[in-house]
Amino acid sequence: TTAFAKGLDPAYQVDKGGKVRFMVELADPTVELKWYKNGQEIRPSAKYIFEHKGNQRILFINNCTMTDDARYYVTAGDEKCSTELFVRDPPILVTKGLEDTSTYVGERVELSCEVSEDDANVKWFRNGVELSNDPKSRYRIKVEGKKHTLVIEEAAKNDTATYSVMTTGGQSEAKLSVDLRPLKISLALEDQTVRLGQEIHLKCEISENVEGKWYKNGQLIEASDRVKLYHKGRIHRFVIPVSAVDDEGEYMFVPDAYNINIPCKVHIVDPPKLHLDGLGENNTVTVVAGNKLRLEIPITGEPPPKVFWSRGDKMVTDSGRIRAESYPDSSCLVIDAAEREDSGPFRITLKNEAGEDTALINIKVVDVPDPPQAPNVTEVGEDWCIMTWEPPANDGGSPILGYFIERKKKQSSRWMRLNFELCKETTFEPKKMIEGVAYEVRVFAVNAIGMSKPSMPSKSFVPLAVTSPPTLLAVDSVTDTSVTMKWRPPDQIGAAGLDGYVVEYCFEGNGFSQGISTDQSEELGEPPFNLEADEWIVANPELTDKTKFTINGLPTGSKILVRVKAVNAAGESEPKYHPQPILVKEVIEPPKIRLPRHLKQTYTRRVGETVNLVIPFQGKPRAKVSWEKNGSPIDKNDINIRNTEQDTIIFIRKAERGHSGEYDMKVEVENLVDKATIDIQIVDRPGPPEVVTIEDVWGENVNLSWKPPKDDGNAAITGYTIQKADKKSMEWFTVIEHYHRTSATINELVIGNEYYFRVFAENMCGLSEDATMTKESALIAKDGKVYKYPVYDDFDFSERPLFTQPLVNTFAVAGYNATLNCSVRGNPKPKITWMKNKVLIMNDPRYRMFSNQGVCTLEIRKPSPYDGGTYTCRAVNELGEAEVDCKLEVR
């Protein structure tokens with residue numbers, strides 16, 4: 001060109017960080033030049049330096065970087081020339097290469113090299129595959145200036161490979177060898193003998209922290225709810241918290257990647273145990289005589305124990321009438337055709353290497369009781385008798401429950417049962433016999449086994465009865481020295497007939513006192529006077545068959561009481577009394593109190609009730625009536641008394657206990673007096689008994705005693721009520737009511753419990769308001785042992801679903817509702833779903849589903865044959881699931 005004598009070279013090349021020199025030579029040195037980089041003018045600076053040498057124009061670019069790689073051109077007027085500058089990195093050299101390395105599994109490995117530049121770009125390779133510096137990678141690349149390091153924290157067997165680095169100017173490689181460290185057994189497994197139910201704990205320690213597997217009898221063992229496997233560092237443990245019989249065997253631990261195993265043996269033992277839960281109290285077994293006894297006792301133990309039966313010093317063999325039979329999980333004592341002599345204790349003993357167990361079993365052979373001795377007839381009447389007997393000498397080994405009684409006529413051979421409910425006593429009163437006929441009686445004893453043979457018959461006896469008292473005894477006439485009495489024959493004479501009458505009398509001076517009224521004496525035939533038997537004088541030494549008799553030789557002015565008896569072969573009848581004393585003088589109308597029948601006995605009222613008594617009397621001239629209470633005048637402000645010519649009234653509006661006592665009524669006519677005594681008793685509920693004492697405690701029994709209450713409520717104590725309470729709950733329960741004695745034995749108490757007792761007193765008004773309690777409690781302990789309360793571990797109620805009642809195949813009638821039922825349990829409460837032919841039933845109005853207390857119900861409304869099929873009930877909770885199914889056929 002005209003402007004440039006020499007232009008730029010077509011291209012320039014410089015290393016990164018180097019210096020480049022652009023030069024052009026001008027034809028005219030006066031021309032102004034401008035330099036450009038990628039179209040941007042270049043101005044002088046530290047980086048860009050311009051020089052002029054004659055016609056030469058020079059541009060220096062110092063410290064070239066990659067950004068200086070561009071197209072440059074220079075202009076001179078309208079002309080320009082251009083060139084390309086290429087900046088290149090200098091090659092990175094490996095100044096120190098990788099070295100072959102050997103290590104053990106688990107060790108930390110560092111492979112290092114050095115390059116010629118700091119922070120150079122270096123690539124790592126494993127077997128020719130590039131490694132990334134990803135944080136998740138197990139390979140970590142560390143750069144420290146010119147030093148580059150590949151780090152493996154824990155080397156594994158598969159890390160064995162060829163590792164290499166590559167730079168822009170070189171490469172290096174080395175081999176890494178990772179081997180297993182020689183394994184040493186620091187702690188070997190030990191053989192164990194473990195009791196059934198206890199923990200199996202196997203532990204071993206090896207020199208390396210490696211995983212491993214457990215084997216039992218060559219079979220791999222996986223961890224489960226029962227089997228716990230632990231690995232911490234170099235220690236491996238195998239734990240079964242509760243051992244079972246099947247856990248016995250040969251165990252071994254095999255470390256991963258090592259051809260070595262650590263063995264041991266586990267032997268499960270269980271002390272022998274007798275299970276006597278089904279036996280009675282004191283391990284008693286009862287068998288009826290003549291029957292076969294087959295007593296099977298469940299036994300446990302590992303290894304299976306040997307069983308020995310003995311009776312006294314004699315062993316029971318496996319043959320004979322009494323023999324022992326052995327089975328894997330039980331032992332059986334067999335007695336063919338049991339006899340009473342077989343009763344007694346039998347000992348069973350179990351032995352194995354873990355120990356022994358023994359127990360006494362009482363065999364009780366029961367039979368019907370022996371017959372009682374012949375009964376005795378102690379008293380006879382018109383159609384009855386009273387018979388007694390002694391219990392049989394042998395009750396057959398079972399308590400006597402009662403007796404049956406039979407009777408027959410002496411000349412007959414046909415016995416007749418008299419009672420169809422057992423007689424609990426040893427006395428009985430046969431009735432409805434024919435008077436004058438000879439009879440015999442006999443007795444059968446009954447226990448739980450059956451009825452004994454009959455006793456020998458009693459001696460024969462004949463029912464006979466005395467007559468009833470004579471009737472209508474009255475005064476026929478009275479003189480100064482005699483009294484003539486008349487009467488009517490008895491209403492009832494009987495088969496023994498009537499032999500005659502005896503007339504007796506008694507004088508007033510012998511201490512008799514007036515009793516009941518004339519009318520009541522007529523009704524009851526009771527004596528109106530209280531007299532001793534030797535105060536009566538027999539008026540006729542010889543029986544009279546007349547119904548009229550005169551008593552002669554009586555003192556004038558004396559008073560006598562007369563009575564008459566009828567006599568036959570059975571004896572004398574009850575006497576018939578004349579109701580009033582008879583004055584051996586002129587006849588006057590003496591005073592007479594007609595005491596009502598209900599006042600002849602103690603008149604009883606409760607506190608607060610009203611007392612209103614009307615007592616009629618007679619006597620002429622007008623009788624004078626007076627009252628006394630317990631020998632003292634009556635306070636009329638407290639007790640109201642009103643008298644008339646015919647009666648007297650005693651009135652108490654609201655009775656109190658202080659009103660109790662004997663009220664003496666006296667009716668006077670001139671010198672004649674009639675008296676009556678009324679016993680009024682105002683009663684209330686009694687007070688509690690005095691001190692209640694625990695006298696003795698034995699077995700399941702407690703003997704209590706107490707003293708009667710200080711306050712009986714003014715009425716006889718009719719009984720006591722006894723209650724018991726467990727010390728834990730202190731809830732009272734009645735054990736005995738209406739008990740008459742002041743000591744009692746409480747039976748059938750629970751062993752291990754502690755009891756308090758209290759006693760209520762009772763009279764005709766009821767129980768006392770309060771009860772007296774024992775100060776101390778009674779502990780029912782087992783003989784020779786102190787009851788130890790069991791310690792219970794917290795129970796885990798979690799349970800996967802379990803159907804306790806499955807579905808049942810069902811036939812349904814078309815058009816009539818059908819239901820399917822099952823029951824399930826589980827904790828937490830399982831969710832219930834129903835399926836038909838494995839298809840879930842949802843929102844179908846033809847089905848209704850219920851679940852109540854674990855009972856699941858599916859109701860199918862008016863099914864058709866199309867509804868037949870297989871129905872499934874599924875229960876699901878977080879621990880698992882369960883299913884049951886059934887077939888439904890619709891006809």
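**A quick tour**

Modeller: Let's start at E250, which is partly exposed, with a relative accessible area of 48% (partly exposed sits between buried, under 20%, and exposed, over 50%, with a 1.4 Å probe and protein chains only). This is a predicted model, where local features need pLDDT of at least 70, side-chain atom pairs count only at pLDDT 80 or more, and totals for chains, interfaces and linings use all residues. Residues are numbered from 1 along each chain as its sequence is written, and side-chain values use heavy atoms, leaving out hydrogens and water.

Colleague: Which strand is E250 found in?

Modeller: Strand β26, residues 249-255; strands here are DSSP runs of E, at least two residues, numbered from the N terminus.

Colleague: New topic: which residues does UniProt list for "domain: Ig-like"?

Modeller: The unreviewed entry gives 90-177, 272-362, 591-679 and 801-885. Such annotations may be inferred rather than shown by experiment.

Colleague: What is the make-up of residues 272-362?

Modeller: That span is 0% helix (a DSSP run of H or I, at least four residues) and 62% strand, with its end C-alpha atoms 21 Å apart. For residues 90-177, the chain is 51% strand and the ends lie 35 Å apart.

Colleague: And which residues does "domain: Fibronectin type-III" cover?

Modeller: Residues 371-470 and 688-783, according to the unreviewed UniProt entry. Residues 371-470 are 32% strand, and their end C-alpha atoms lie 46 Å apart.
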